[in-house]
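Reader: Could you walk me through a few spots in this model, please?
Author: Gladly, let's look together.

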Amino acid sequence: MPMVTLTKTLDVTPLVRARKRWGYKFHMLLCWCIGKAAAQTPEFSLLPVGDRLIEYDRLAVNTVVLTRDGGISTCDIPVSANLESFNRDYLTLTGQVHDTGEPYELGEAYMVIGTSALTGTEIDSAVNLYAGFYNNPFLIWGRYRRRWFRTVLPISFQFHHTQMDGIPAADFLQRLQQEIDQISRGFFSVHAG
């Protein structure tokens, strides 16, 4: 089955405002919203591995980390509905990867959602080729763009067609926008989960 890529431009104004207001990292907030939207999408609990479809009950978001020596490594962060808990894990684990240069993996008990931020440039879309061994859903984005009083971010979402069809994938992107919009309701509402 092929990998499919959908692209959508998200309004990330609430994330930019939360970064300024509360001191959170933009990237952490976006990864948290991705995890929350994925947790509400049943297809994210399934992953094609070889000729099987494996069901998971835990999710993680993977991010690329710049290491102290100028290289890159990856870091799995367990999805949490609670922003403070996710932020604590994000800062601790990405800090560990930054300092050691060693990847941090949660293991096979987690279905991992890959992410990559190419913030050095504005991109409109990114499409990966099917590798046959990494079937995990993957989101990639570049630098966000300021448009009048809003800030937007084009994002590409790649998924394995065995895992989900286009409608659930599009619904996930809509849920992602809704999770981002939830942040604008205030600090206390995002801490309630």
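Reader: Where is the place of Trp 148?
Author: First, a word on the model: it is predicted, so local features need pLDDT of at least 70 and side-chain atom pairs count only at pLDDT 80 or more, while totals for chains, interfaces and linings use all residues. Residues are numbered from 1 along each chain as its sequence is written, and side-chain values use heavy atoms, with hydrogens and water left out. Helices (H or I, at least four residues) and strands (E, at least two) are DSSP runs, numbered from the N terminus. Trp 148 sits in the loop between strand E8 (145–147) and strand E9 (150–160).

Reader: Is Trp 148 buried or exposed?
Author: Buried means under 20% relative accessible area, exposed over 50%, and partly exposed in between (1.4 Å probe, protein chains only). With a relative accessible area of 83%, Trp 148 is therefore exposed.

Reader: And what is the phi of Trp 148?
Author: Most residues other than glycine have a negative phi. Trp 148 has a positive value, with phi near 55°.

Reader: Is Ser 80 buried or exposed?
Author: Ser 80 lies in the loop between strand E5 (72–78) and helix H3 (83–100). Because its relative accessibility is 16%, Ser 80 counts as buried.

Reader: Which residues is Ser 80 in contact with, leaving aside its neighbours within four places in sequence?
Author: Contact means heavy atoms within 4.5 Å. With those sequence neighbours left aside, the partners of Ser 80 are Trp 32, Lys 36, Ser 85 and Phe 86.
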